Amino acid sequence: TVVTPDLASILQQQGKLTDAISHYQEAIRIQPGFADAYSNMGNALKEMQDINGALQCYTRAIQLNPRFADAHSNLASIYKDAGQVPEAVQSYKMALKLKPDFHDAFCNLAHCMQIICDWSDYSMRMKRVVSIVRDQLNQKRLPSVHPHHSMLYPLGHKYRKAIAARHATLCLDKVALLHKKPYKYNTELSEGRIRVGYV
């Protein structure tokens, strides 16, 4: 079998996370200083809910390449999700220092600043968030603002609906990767009742 980081990325996009991680590990075994492989493996581990594993991968990627903006942003997301917002702010700021036009990092930083009630430069941040979202929607890209965060920003209903639609499409695409046959609903009602289950 050929082991490449590109193959690992493809497997990760297909939802084959365990296989992707194996390929990232092999790529790291072959080239121990491969910061990108550590960061990407961290993303796969995070998707599998292995937060400690992801944290270790992002930290290692930064040790190998301190100027790796994506790894700083990924580490910040781990901190943010864990409620360690001051650490997240520091890591997002580092990512933006290294890569000033890093839209995901900026929007996540803006969200963190609201969480800790830091209103300094609020107007400038909001203008930039709205501008980023507008540009991403016009370019048919996935917006950096999550649907459930969109209510925190001065975005109109049209933008909020478009953000939700893009993220919903991403979810549908991920489900489609599972290659499962659609569920066949029983058209006959038993005892004249519809049975509804929630997951």
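Student: What does the chain average in pLDDT?
Tutor: Happy to start there! This is a predicted model, in which local features need pLDDT of at least 70 and side-chain atom pairs count only at pLDDT 80 or more, while totals for chains, interfaces and linings use all residues. pLDDT is the predictor's confidence in each residue, from 0 to 100. Here 87% of the residues score at least 70, and the chain average is 90.

Student: Which helix has the highest confidence?
Tutor: Helices are DSSP runs (H or I, at least four residues), numbered from the N terminus, and residues are numbered from 1 along each chain as its sequence is written. Confidence is lowest in helix 1 (residues 5-13), at a mean of 83. The highest mean, 98, belongs to helix 6 (residues 85-98).

Student: How do helix 5 and helix 6 run relative to each other, roughly parallel or roughly antiparallel?
Tutor: Their axes, lines fitted to C-alpha atoms over the stretch in contact, come within 8 Å and cross at roughly 165°. Angles run from 0 to 180 degrees between N-to-C directions; under 35 degrees counts as roughly parallel, over 145 as roughly antiparallel, 65 to 115 as roughly perpendicular and the rest as oblique. So helix 5 and helix 6 are roughly antiparallel.

Student: What is helix 8 to helix 9 by the angle classes?
Tutor: The axes of helix 8 (residues 122-138) and helix 9 come within 11 Å and cross at roughly 55°. That angle makes the arrangement of helix 8 to helix 9 oblique.

Student: Which residues lie nearest the centre of the largest pocket?
Tutor: On a 1 Å grid over the protein atoms alone, a pocket is an open set of points with protein on both sides within 12 Å along at least five of seven lines, and lining residues have an atom within 4 Å of a point. The largest pocket is lined by 37 residues. Nearest its centre lie Asn43, Asp104, Leu142, Leu170 and Lys174.

Student: How many charged residues are in the lining of the largest pocket?
Tutor: Asp, Glu, Lys and Arg count as charged; Ala, Val, Leu, Ile, Met, Phe, Trp, Tyr, Cys and Pro as nonpolar; and the others, Gly among them, as polar. The lining has nine nonpolar and 19 polar residues. Its charged residues number nine.

Student: Which residues line the largest cavity?
Tutor: A cavity is a set of grid points where a 1.4 Å probe fits but cannot get out. The search of the whole structure finds one cavity of 30 Å³ or more. Its lining is Cys107, Asn108, His111, Ser144, Val145, His146, His149 and Tyr153.

Terms used
Heavy atoms only, no water. Helix = DSSP H or I, 4+ residues; strand = E, 2+ residues; numbered from the N terminus. Points joined across faces, edges and corners; volume = space filled by probe spheres on them.
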